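Hi everyone, thanks for coming.

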Amino acid sequence: MSKIILTGIKPTGMPHLGNYIGAIQPALELMKDSTITSYLFVADYHSLTTVHTAQTLNEMIHQVSAAWLACGLDPKKTTIYRQSDIPELFELNWILSCITPKGLMNRGHSYKALVQANHLTGKKNLERGINMGIYNYPILMSADILLFSADEVPVGADQEQHLEMTRDIAFKFNHTFKTDLLKPPKTLVKTKLLPGLDGEKMSKSKGNHIPLFCSSKDLRKAVMKIKTDSSDPDTPKNPEESIIFSIYKAFASKQQIEKLEDKYRKGIGWGEAKQLLYLLLEEHLSEKRKVYESLIKEPKKINTILKEGAKKAREKIAPFMRKIRETIGIGDQTPLV
Ligand code: ADP
Ligand code: TRP
């Protein structure tokens with residue numbers, strides 16, 4: 001049996017350059033391997049924990065799907081689907097909820113951070129603004145992974161705890177029902193981090209990001225906003241200390257990096273450094289941007305790709321779901337003895 005790689009993307013808007021370097025590119029690289037089976041899904045019901053405007057959620061689902069497809073995800077090689085199109089996930093979510101100790105969820109980093117934020121802002125009710133979706137988030141994520149028997153799950157470092165919980169939940173299920181049906185997955189942590197305009201980790205929530213697909217004009221404008229010091233053009237510069245260079249390095253070839261390093265050490269104006277970064281980004285993104293722009297205008301096409309992926313995914317997991325029901329004694333089945 002070939003190795004199964006699965007990952008989910010929470011639709012939270014148009015991806016940025018950091019998402020591309022840290023998540024999209026490495027996942028697509030892994031998925032190129034023809035000896036593996038790969039699944040990639042849009043975790044729309046995970047977004048519902050925080051996004052409560054129908055149109056916004058719908059647009060973000062399309063933006064994320066179009067971005068992955070424009071970056072080269074091949075639906076023939078990788079099964080791409082929408083989480084909400086797989087009803088079995090929500091059935092497994094309930095089954096797992098019934099064996100997961102509540103204490104495990106009490107330890108969730110995201111849940112604890114929200115309680116802590118309420119504490120710090122002097123709220124009397126420490127649970128204020130925390131819905132059950134946020135609390136149960138890791139159980140749905142476990143269902144996403146365990147239903148597909150994923151061997152490896154590439155995620156950002158912030159998701160490591162969710163993967164540990166998934167393993168705990170798989171062990172608990174197997175122990176409870178004296179089976180080895182659920183496969184505890186391995187985490188593949190992505191370590192490449194791209195800085196944002198201010199030098200902090202590029203992130204949507206920090207507002208320091210450069211969108212992956214904006215117009216060429218807006219891309220240039222964003223690059224021109226990258227923070228620099230006030231040294232003049234002739235002053236030699238250490239490339240390792242420059243935000244512009246860090247972003248350049250993530251997209252450039254070895255030769256391009258060496259050439260620019262040399263320029264920095266001899267002295268380069270920040271205007272020129274930014275222009276070179278802009279040109280490099282244009283070179284990488286302009287073709288993909290065209291595909292993105294045409295796809296985003298055709299939501300039906302995106303929907304068809306996602307629906308076809310969901311059909312394939314459901315066919316794949318149907319026998320496994322039957323086994324799970326059989327194992328827990330649910331459904332219209334012939335008695336086991
Ligand atoms: P954001 O912080 O902008 O909300 P997400 O949390 O949605 O981004 O990130 C999705 C994935 O993209 C993360 O799991 C991580 O792998 C990757 N990622 C996000 N920001 C960066 C970054 N600055 N550099 C590299 N990878 C990143
Ligand atoms: N929680 C992940 C994130 O915020 C998204 C996600 C949902 C996911 N289900 C998953 C990732 C299953 C990997 C596997 O980035």
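Let me start with a question: in which hand of crossing does H3 pass H12, right-handed or left-handed? Before I answer, a word on where this comes from. This is a predicted model, in which local features need pLDDT of at least 70 and side-chain atom pairs count only at pLDDT 80 or more, while totals for chains, interfaces and linings use all residues. Residues are numbered from 1 along each chain as its sequence is written, chains are lettered from A and ligands numbered from 1 in the order in which they are written, and side-chain values use heavy atoms, with hydrogens and water left out.

Now the overall picture. The protein has 13 helices and five strands, which are DSSP runs numbered from the N terminus (helices are H or I, at least four residues; strands are E, at least two). Of its 337 residues, 45% count as buried, meaning under 20% relative accessible area, with exposed over 50% and partly exposed in between (1.4 Å probe, protein chains only).

Back to the question: the crossing of H3 with H12 is right-handed, that is, the near helix is turned clockwise from the far one by less than a right angle. On the H3 side, the contact (heavy atoms within 4.5 Å) is made by His-62, Gln-63, Ala-66, Ala-67, Leu-69 and Ala-70. H12 brings Lys-288, Val-291, Tyr-292, Leu-295 and Ile-296.

Let's stay with H12, residues 270-296. This helix bends by about 45 degrees at Leu-285, the bend being the angle between axes fitted to the seven residues ending there and the seven starting there. Leu-285 is also one of the buried residues of H12, and others include Trp-270, Tyr-278 and Tyr-292. Among the elements covering them are H1, H3, H11 and H13.

The axes of H3 (residues 54-70) and H13 (residues 299-328) come within 10 Å and cross at roughly 75 degrees. H3 and H13 are therefore roughly perpendicular to each other, a label for angles of 65 to 115 degrees. Here His-62, Ser-65, Ala-66 and Leu-69 of H3 meet Pro-299, Ile-302, Asn-303, Ile-305 and Leu-306 of H13.

Finally, a loop: Gly-122 lies between helix H6 (109-120) and helix H7 (132-146). Gly-122 counts as exposed because its relative accessibility is 59%. From Gly-122 to Glu-160 is 38 residues in sequence and 30 Å in space, C-alpha to C-alpha.

Technical notes
Axes are lines fitted to C-alpha atoms, for helices over the stretch in contact, and angles run from 0 to 180 degrees between N-to-C directions. Angles under 35 degrees count as roughly parallel, over 145 as roughly antiparallel, 65 to 115 as roughly perpendicular and the rest as oblique.
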